[in-house]
Amino acid sequence: MSALSYAAPSTVQDAIGLLSGAKGIAKVMSGGTDLLVQMKMGRLKADLIVDTKKLPGIFGITESAGVFTIGAATSGAQLGEHEGLKAAWPGVVEAANLIGSTQVQGRASLAGNLCNASPAADSVPAMIAAGAVAVIVGPNGQREAPVETIVVGPGRTSLAKDEFILQFRLPARPARSSDAYLRFIPRTEMDIAVVGCGVSVTLDAQGVCTAARVALGAVAPTQVLVTAAANALIGHTLDTATLAAVDAAARAACNPITDKRGTIDFRIKIAGVLARRAAKIAYDRAGARA
Amino acid sequence: MSKHHVTATINGEPAEFLCETENTLLDALRDQLRLTGTKEGCGSGDCGACSVIVDGRLVCSCLMLAVEAEGKTIQTIEGIADGEKLHPVQQKFLEHAALQCGFCTPGFLVAAKALLDRNPDPTETEVRYWLAGNLCRCTGYDKIIRAVLDTAAEMRANA
Ligand SMILES: Cc1cc2nc3c(=O)[nH]c(=O)nc-3n(C[C@H](O)[C@H](O)[C@H](O)COP(=O)(O)OP(=O)(O)OC[C@H]3O[C@@H](n4cnc5c(N)ncnc54)[C@H](O)[C@@H]3O)c2cc1C
Ligand code: FES
Ligand code: FES
């Protein structure tokens, strides 16, 4: 007989109660595309799985006054089918849709991608660039935290044992705003990012950048919000000098490792290149949203 | 721990089975329900041999717990044909010789059907990306892609 228990609570209170009261290791599950692989490989020995997918509000995408609320367990496939979200946040959607195959997309969620806490998680730089906020529930009620504060190291998050993410919120967009995500992998599908970069910008009527956020993945133990790269964009159009400054700021923010996918030098160089290219795509998309 | 009792609709029929928490849907399909058309290639989401359609979504049955199947509507390779009559995509796989050892074939067929259900006129690029999570060590993929595109064309012509 197995010792592993499973619960699919239908209220947030019950879910928190199960997590608080669990003896041993309790794990929240959304799509299971990381969790089940790790359990099969024996890297994770859980005693209790708390499946979030019956909780109210955990699925779906709603928009109110320009603010998008995305259920934590909403699948990549669902994100990719939402025309409103794709129009407002093409970068977030393209990043989420890069995760795995069609089959993985049927289950993989933003919360799982974030809380698995891989430095290479694709949706995370895009979410950070977007200024996304995680709506976290726990025994003391609900709190909100910027996505960049969730991952604290490979495989580690800032969430307490009895907390989990219920939803994400993406802020309302001014006119001429857009975003983009690019990753480098050695082939076109089914691989882990060597570097990933998300950029979000707002332009004025002259095409001068008035607000920007830039985030990198797979170049440090956690995703990095590159304030210097954003500052290089703000107050400028995308001229050669600006792009060079963005490239330099992105490279300066890297603290990568060498592994089979890429060396330190390669990752740093690619971070600069992707930051420039993602900025260009975000900028062109923003210009088209006058 | 007592076993979980799960009821679901599989290929249009009510089905029930008992499972442990750690059993995947793939385990339940093959070992409990004896629906052995669904294959296990990798068990880690990489090969697509275990593809099934759950509530209209293509997923890897190796990365879904059996207990999660409660109340779900599931389609496996065994439910693709209409009785004795092959689904057009099955027929086209035969005509195009889109299989050699055949181990990947159920996964490709289920994945291709899921694509054609939602996109009757996919481009070659769309077919290739859609099927990127299905691995085949034998065919080199080209015949599979041709078979799927030909199926789509025939289904459109007969629609
Ligand atoms: C074949 C394959 C290819 C893949 N390719 C990619 C890729 O290209 N890019 C990429 O980034 N990832 C990839 N992944 C990894 C994985 O699919 C993603 O990280 C996915 O987004 C995880 O989401 P999930 O819902 O399946 O997470 P789960 O497996 O359910 O959970 C993952 C982790 O997050 C925790 N968690 C889940 N939900 C919550 C919540 N609501 N609140 C708090 N914690 C929670 C879990 O406890 C667990 O630790 C791939 C995986 C596979 C199997
Ligand atoms: S067996 Fe499920 S993807 Fe390979
Ligand atoms: S026919 Fe042998 S793996 Fe595809």
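In the predicted model, chain A and chain B bury about 2400 Å² between them, 60% of it on carbon and sulfur atoms. Buried area is the accessible area (1.4 Å probe) that two parts lose on being put together, summed over both. On the side of chain A, A:Tyr6, A:Thr102 and A:Gln103 lose the most area to chain B, together 27% of what that side buries. The contact (heavy atoms within 4.5 Å) takes 28 residues from chain A and 29 residues from chain B. Local features need pLDDT of at least 70 and side-chain atom pairs pLDDT 80 or more, whereas totals for chains, interfaces and linings use all residues. Side-chain values use heavy atoms, with hydrogens and water left out; residues are numbered from 1 along each chain as its sequence is written, and chains are lettered from A in the order in which they are written.

Between chain A and chain B there are 4 salt bridges, a salt bridge being a side-chain nitrogen of Lys or Arg within 4 Å of a carboxyl oxygen of Asp or Glu. One of them joins the side chains of A:Arg107 and B:Glu68 (2.8 Å, N to O). At least two residues of the side of chain A that touches chain B come from each of strand E1 (5-7), helix H2 (35-40), strand E3 (48-51), H3 and H6 of chain A. Helices (H or I, at least four residues) and strands (E, at least two) are DSSP runs, numbered from the N terminus. This side of chain A has 11 nonpolar, 11 polar and 6 charged residues, where Ala, Val, Leu, Ile, Met, Phe, Trp, Tyr, Cys and Pro count as nonpolar, Asp, Glu, Lys and Arg as charged, and the others, Gly among them, as polar.

Open space was examined on a 1 Å grid over the protein atoms alone, a pocket being an open set of points with protein on both sides within 12 Å along at least five of seven lines, and lining residues having an atom within 4 Å of a point. The second largest pocket is lined by 25 residues, and A:Ala77, A:Asn97, A:Thr102, A:Gln105 and B:Trp130 lie nearest its centre. Both chains give elements with two or more residues to this lining, including helix H5 (90-97) of chain A and strand E4 (57-60) of chain B. H4(B) gives the most, with 4 residues. The lining divides into 8 nonpolar, 11 polar and 6 charged residues.

Conventions. On a 1 Å grid over the protein atoms alone, a cavity is a set of points where a 1.4 Å probe fits but cannot get out, and a pocket is an open set with protein on both sides within 12 Å along at least five of seven lines; lining residues have an atom within 4 Å of a point.
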